[in-house]
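Keep the sequence and the 3D view open as you read.

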Amino acid sequence: MPAPTASSIAIYPGSFDPLTNGHLDLIVRGSRLVDRLIVAILGNRAKQPLFSVEERAEMLAEVLKQYPNVEVAHFDGLLVEYAAQRGAKIVLRGIRAISDYEFELQMALMNRRLRPEIETVFLMASEAHSFISSKVVKEVASLGGNISGLVPPIVEGRLKSKFQPRP
Ligand code: PNS
């Protein structure tokens, strides 16, 4: 008889302002590695977001409704405290290019110092998504450029209505 295993819960934290196809790829791949994946939106950000936490959560929930082991949530304060509160032992993060590494290393080491029992696990972004960021997508959308294929269709629609509101 196989030994019983504790269920694995991971948190994938981020700003998701807005969700991109790069995030989505990571969520889908990450969700196959654990029993439950909590996609957690950071609420208390100093910088002004384009979408409210509620709008971001709505878009994420719509796109992720087909993945039964993925939950959308939001948190304020320290990530590792939220992870501990949710029973998550894994923080999932994506790395696109070497430029991401420094910030990710700093965050992972700080998080480990705060809560050594929580591990950060990195997945490499797929080639097709390694150049996509929420920031660049917002900039292109704000200037009327084509963002199809970079974000899920629902996000594309929301971005269009933010930047080109109908009269
Ligand atoms: O999508 P982002 O902006 O790269 O996500 C960054 C995020 C939300 C993962 C990070 O800012 C975070 O965890 N913030 C919560 C505050 C915290 O725990 N800080 C200490 C670790 S540096």
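## Ground rules

First, a term you'll need: a polar contact is a pair of N or O atoms within 3.5 Å; within protein, one must be able to donate a hydrogen and the other to accept it, and residues adjacent in sequence count only if both atoms are side-chain atoms. The model is predicted, so local features need pLDDT of at least 70 and side-chain atom pairs count only at pLDDT 80 or more, while totals for chains, interfaces and linings use all residues. Residues are numbered from 1 along each chain as its sequence is written, and side-chain values use heavy atoms, with hydrogens and water left out.

## Who holds the ligand?

Start with R93: an N or O atom in its side chain is 3.0 Å from an oxygen atom of the ligand. The side chain of S15 also has an N or O atom 2.7 Å from a ligand oxygen. With L79 it's a polar backbone atom, 2.8 Å from an oxygen of the ligand. Taken alone, the ligand exposes 550 Å², and the protein buries 76% of that (Shrake-Rupley areas with a 1.4 Å probe; for residues, only the protein chains shown count as cover).

Which elements give two or more residues to the shell around the ligand? They are β1 (9-14) and α4 (98-114). Those names come from DSSP runs: helices are H or I with at least four residues, strands are E with at least two, and both are numbered from the N terminus. Among the residues around the ligand are P13, G14, S15, L42, R45 and F75; to be listed here, a residue needs a heavy atom within 4 Å of the ligand. By class, the shell has 6 nonpolar, 4 polar and 2 charged residues. Here Ala, Val, Leu, Ile, Met, Phe, Trp, Tyr, Cys and Pro count as nonpolar, Asp, Glu, Lys and Arg as charged, and the others, Gly among them, as polar.

Now look at the loop between β1 and α1, where you'll find F16. Most residues other than glycine have a negative phi, and most peptide bonds are trans. F16 has a positive phi of about 50°, although it is not a glycine. P18 is in the loop between β1 and α1 (21-31) too, and the peptide bond from D17 to P18 is cis, with omega near 0°.

Is F16 buried or exposed? F16 is buried, because its relative accessible area is 2% (buried means under 20%, exposed over 50%, partly exposed in between, with a 1.4 Å probe and protein chains only).

## A capped, enclosed helix

T20 lies in that loop between β1 and α1 as well, and is buried at 2% relative accessible area. T20 caps the N-terminal end of α1: one of its side-chain oxygens lies 3.1 Å from the backbone nitrogen of G22. T20 and L60 are 40 residues apart in sequence, and their C-alpha atoms are 9.9 Å apart in space.

How many of the 11 residues of α1 are buried? The count is 10, so α1 is largely enclosed by the rest of the structure. N21, G22, H23 and L24 are among the buried ones.

## Two more stops

Head over to E71, found in strand β3 (residues 70-75). E71 counts as buried, because its relative accessibility is 18%. Its side chain makes a polar contact with the side chain of R86, at 2.9 Å.

Finally, find L159 in helix α6 (residues 153-163). L159 is buried, with a relative accessible area of 0%. From L159 to K65 you go 94 residues in sequence, and 20 Å in space, C-alpha to C-alpha.
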